[in-house]
Amino acid sequence: MALVLHNEKKDIVLSQASSSKTSNALIPAGVQRTSALNSPTMLLSGHEGSVNSVKFRSCGQIIASASSDKKIFLWRVYGECENYMMLSGHKNPILDLSWTSDCSHLFTASADKMCMLWDATTGERTRKYDSHTAVVNSCATSKKTAEVLASGSDDSTVRVWDARNKHPVHTLRHNYPVTSITFGAEDHIVYSGSIDNCIRAWDLRNGEVSLLLSGHNDTVTSLALSPDGSKILSNSMDNSVRVWDINPFVFDESKRCISAFFGAQHNNEKQLIRSAWSKDGMMIGSGSADRN
């Protein structure tokens, strides 16, 4: 199943992937259906602003979407794909969201300089984090511990939070605005991307950079950890998507960039376009400013 965001149309499209060579054919005649969707393409409509982030719950049954209309919608994937819950409380566009590792809560980042934690069952906001002093571009949750959260902001900091406390437990300072973050396979490693074109791995045990990845020629707009935890996927305004080896030891540090893919476009709007791994780590997908 593929997930496609149409930001300008304010809609979300769920579609079944097809190997057809026929242009625009989602499911050619005679091919057996492999999806339980009611239709090969399901359009999820309801947001009143551009859709900035969409994340599946790990069970695959629920989608959360965040929008410039300052709302989070929860959708059922199957059946009529109804929007069964709306979460509101941010004062400006919501730029990113992430499920906690136990799928009980959603963590959101907003242009209102705040992050919020939401109970995904009741829809109630359980915590507000307001230590950032500028737009919060990205948020992430630990792969192992539901209470460990992180956020990256235009105030040039990455802040790491214990969900049970209002104040950050770590503040990692950059020289430039932070545009993307993700946790490593272990809770003590956080990766950040910035407008200085570099990717940094921060070791929370000492607050220092343990790995610096350089190769992009423009702002890094997204980071995603591979399912096996050995690679980082990055998207950049240099119109490239790259895969990096983040294993502790490599034979040649200059060859940590394993692959570079070109074709995912950025434009003058300078949006933080994101990329993602398939569940098995064999494929990647990326948004693009050319609507493809």
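Hi everyone, and a quick word on ground rules before the tour. Residues are counted from 1 along each chain as its sequence is written, and side-chain values use heavy atoms, with hydrogens and water left out. Since the model is predicted, local features need pLDDT of at least 70 and side-chain atom pairs count only at pLDDT 80 or more, while totals for chains, interfaces and linings use all residues.

Let's begin with strands. Helices (H or I, at least four residues) and strands (E, at least two) are DSSP runs, numbered from the N terminus. Two strands pair if DSSP finds at least two bridges between them. I will also say "buried" a lot: that is under 20% relative accessible area, with exposed over 50% and partly exposed in between, using a 1.4 Å probe and protein chains only.

Please find strand β4, residues 51-56, and strand β5, residues 62-67. They run antiparallel and are joined by five bridges. Follow Phe56 across and you reach Ile63, its bridge partner in β5. The two strands make a hairpin with five residues between them, and Gly60 in that turn has a positive phi of about 80°.

Most residues other than glycine have a negative phi. Two more residues are worth a look here. Cys81 is not a glycine, yet its phi is positive, about 55°. You will find Cys81 in the loop between β6 (71-76) and β7 (83-88), and it counts as buried because its relative accessibility is 3%. Lys113 is the other, with a positive phi near 75°. Lys113 lies in the loop between β9 and β10 (115-119), and at 42% relative accessibility it counts as partly exposed.

On to charges. Side chains of opposite charge can pair when their charged atoms come close. The rule used here is that a salt bridge is a side-chain nitrogen of Lys or Arg within 4 Å of a carboxyl oxygen of Asp or Glu. By that rule the count comes to 10 salt bridges.

In one, Asp162 meets Arg164 at 2.9 Å, N to O. In another, Arg200 and Asp196 come together at 2.8 Å, N to O, and both of them are buried. Then there is Arg205 with Asp203, at 2.8 Å, N to O. Arg205 is exposed, with 64% relative accessibility, while Asp203 is buried at 9%. There is also a network: salt bridges with shared partners link Lys55, Asp96 and Arg274.

Lys91, Arg125, Lys128 and Lys166 form a positive patch. Patch members have over 30% relative accessible area and no salt bridge; like charges are joined within 9 Å, and nonpolar side chains (Val, Leu, Ile, Met, Phe, Trp, Tyr) within 5 Å. Take Lys128, which belongs to strand β11, residues 125-129. Lys128 is partly exposed, because its relative accessible area is 33%.

Last stop: residues separated in sequence. Lys144 is in the loop between β12 (136-141) and β13 (148-153), and is exposed at 54% relative accessible area. Lys144 and Ser101 are 43 residues apart in sequence, with 6.1 Å between their C-alpha atoms. Then look at Leu225 in strand β20, residues 220-225. Leu225 is buried, with a relative accessible area of 13%. Leu225 and Thr182 are 43 residues apart in sequence and 7.0 Å apart in space, C-alpha to C-alpha.

Definitions and conventions:
Accessible areas come from the Shrake-Rupley method with a 1.4 Å probe; for residues, only the protein chains shown count as cover. Lys and Arg count as positive and Asp and Glu as negative; His and the chain ends are not counted. The place of a charge is taken as NZ of Lys, CZ of Arg, CG of Asp or CD of Glu.
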